[in-house]
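Subject: Handover of a structure

Dear colleague,

Please find the structure below, followed by a summary of what was found in it. I would be grateful if you would read the two side by side.

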Amino acid sequence: MTTQSVSKVSIPIAGMHCINCALNVEKRLRRLPGVLHASVNFAAEQAQVEYLPDQATVEGIAKAIEEAGYRPLVAAAGTSEEEADNAEQAARKAEIRDQSRKFLVGLIFTLPLFILSMARDFGLLPAVLSHAPYINWLLWLLATPVQFYPGWDYYRGGWKSLQSASANMDVLVALGSSAAYFYSVFLLLFPRLGQHTYFETSAMIITLIKLGKMLETRAKGRTSEAIRRLIGLRPKTAAIIIDGKEREVPLSQVKVDDIVIVRPGESIPVDGLVVAGESAVDESMLSGEPLPVDKRPGDTVIGATINQTGRLKIQATRVGQDTALARIIRLVRQAQGSRAPIQNLADRIAAIFVPATVGIAALTFILWFVIGGSFAQAMIRMVAVLVIACPCALGLATPTAIMAGVGKGASLGILFRNSEALQMASQLDTIVLDKTGTISQGRPAVVRIIILADLADDPKAATRLGEAELLQLAASAEQGSEHPVARAILKEAEGRGIRLIEPEGFQALGGSGVSATVGGRLVRVGKPAWLEELGIWLDEEAKSRILAMSLEGQTVMMVAVENRALGLIGVADSIKPESAAAIEELNQQGIRVIMLTGDSLQAARAVASRVGIDDINVMAEVRPEEKLARIRELQAAGHLVGMVGDGINDAPALAQADVGFAIGSGVDIAIEAADITLVSGSLTAVPKAIELSRATMRTIRQNLFWAFFYNLTLIPTAAGALGGVRSLPEFLRHLHPALAALAMSISSLTVVSNSLLLSRKTLESTSKLMPRSS
């Protein structure tokens, strides 16, 4: 049985005016043959579609969007992602210019229309002019361009929406403005039925809503600033070596294995490996860490980071859409365009909102016509209800906050895979930390050297035994070993500049230790128990020191020369400088922190005590394959669990956790693998991610409250529910449709502006920034 391949495409869309527009497009796309899933984000103005390529095509998907009445911004085949980004930005700017132009036309005609109408209504015009038959024709001449140029968008959008058996905001605006306009035209043609027209009402409705939409479009554009900043990090050109000469070429022409030259102050154009030169590189734009990282030959570098001090020669390893920056941009786009579970309620209400509003408006008209007997008064209240109802605020409440939160995260090196992960992170009550590589550096290092005896009694010894001499003997014997502890001893000797002696007769003995002849003496390096088995005597002081070092979490290696114990070397995976502060922050956030490790219980508790984790929250002697079961046990006990690991060895546990945090650095981490990726490799990013997710959810709840409160309060007000309360101001008792249009515009802007505050939020951190090296 063959498995069908599934393709994904993200298509920007222009022309959507409210959440119902997005739901309309979504419904169309889901009906297409071969489309497995479709999600349209109104705030991001983007459709994400999964489809079977043998049954559906991008062109067919774009055509369906077009048939729904909107404009898909699909790049031509062969267009690079950067060119597609530029084309989309150009289209967005063109849309803002179009909205601005239409608003300006509306304003030019509406302003004199409003002044003339108000002057007549308040008796500021001479009587001969106020009652002249041509005055209403003049008002009609001013109102008609507004009704059918700026207002035509609402007619077209409403008609397309009704063709799809749905109704959007365009329907409400078209109905409301048309009722005022065509009622006034009717009186113009049949003046005996009445003289008071409402041309200024229809024009003001359209102009004020157009103003609101223009400002809303610009504000929504600011929620995508994070993407634009990331795209702006790409240099346009790169200096590469061709035939031994340095040449500047467009970035698109750089290939894998090309040698790239980067001077101080320049942006590194591709992911690569340093082959020559040393420098400090600013990675803050991707990792969020402000301190530069030292780079030397053999170190990896990430494209779009800034070379600060020295000239680097880099071998390109990833170019174009394979670079870390390109993958980060794709991930941020995907997260910003995804739908959070909390949005489902707003979507369900929005789906019935417009028909319900039309029903309320019709009922308002009937009641006021029956009670008051005035057709004009009933019509004005009906128009106010149609215009003031705002599905836009409901539709924007969640996605604008998600876009702002995800964008803020990207600037801090916190990458959310989707909005569901962002929402779930705010609800976590337990964080499980894998010790190795998360709390600790993940690289064993020599942390202690103890001299037990001297070489004075050995006739072959030229000097007294010190740390350097003991380390020389141990490292020389370990040269043939690949064990991580042996590598740590060799690295320590190298770091101290100790010259090693070539060993003879090297033997590795099944994980217990090694033996070799060094400088004519038999040297053994290994576990104390193994050397005791060989008959090497240890006094009580040596045994107590071994126990103390073990309790501190060190792996103890004993060095013996000619059957005599000379010293101890303690090797441990050193704790990351920021681990204790990060765990303290998590505790302050009310989160239980659990450490998971394969170490012995004593060693694990020693590490836990150093970073502020209680003994009861230590899970020790856990084999890699058992991590998944431990996560399930916590979930079965009713906990919402976040797992923090390296994203590779911990993959099953990360997948099982409610939220998986992959912690690594730059190109070393599979950023598509986890729910949340922490690019910096710093544990302090975990409490930051949780704080950001909580702030985002708080903003969403504020937005939803405002959207519901607005509609539940002002729709009855527009319907005249406060008409009998004489203590209230006249403008509330008899809400004018123009004020209703203004209120509707303000409601959407309030939601978007509140979401944008997330972009400026400072995440509190009690941890101190520590210098890093690669």
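Buried means under 20% relative accessible area, exposed over 50%, and partly exposed in between, with a 1.4 Å probe and protein chains only. This is a predicted model, in which local features need pLDDT of at least 70, side-chain atom pairs count only at pLDDT 80 or more, and totals for chains, interfaces and linings use all residues. Residues are numbered from 1 along each chain as its sequence is written, and side-chain values use heavy atoms, with hydrogens and water left out.

Asn-711

Because its relative accessibility is 6%, Asn-711 counts as buried. Asn-711 belongs to helix α25, residues 685–719; helices (H or I, at least four residues) and strands (E, at least two) are DSSP runs, numbered from the N terminus. A polar atom of the Asn-711 side chain lies 2.9 Å from the backbone oxygen of Ala-707. With residues up to four places away in sequence not counted, Asn-711 touches Phe-353, Ile-388, Ala-389, Cys-390, Leu-394 and Pro-716, where contact means heavy atoms within 4.5 Å.

Leu-104 lies in helix α3, residues 81–121, and counts as partly exposed because its relative accessibility is 47%. On the surface, Leu-104 forms a nonpolar patch with Leu-107, Ile-108, Leu-111, Phe-114 and Ile-115, and together they have about 540 Å² of accessible area. Such areas come from the Shrake-Rupley method with a 1.4 Å probe; for residues, only the protein chains shown count as cover.

Ala-548, in helix α20 (residues 540–551), is partly exposed because its relative accessibility is 33%. Its C-alpha atom is separated by 13 Å from that of Ile-449, 99 residues apart along the chain.

The chain as a whole

The chain has 27 helices and 27 strands, and 53% of its 774 residues count as buried. Among contacts with a separation of 6 or more, 70% are between residues 24 or more positions apart. The chain exposes about 33800 Å², of which carbon and sulfur atoms supply 57%. Along the principal axes, the C-alpha atoms fill a box of roughly 130 × 65 × 60 Å.

Key. Polar contact = N/O pair within 3.5 Å; in protein donor to acceptor, adjacent residues only side chain to side chain. Patch = residues over 30% accessible without salt bridge, like charges linked within 9 Å, V, L, I, M, F, W, Y side chains within 5 Å. Salt bridge = Lys/Arg side-chain N within 4 Å of Asp/Glu carboxyl O.
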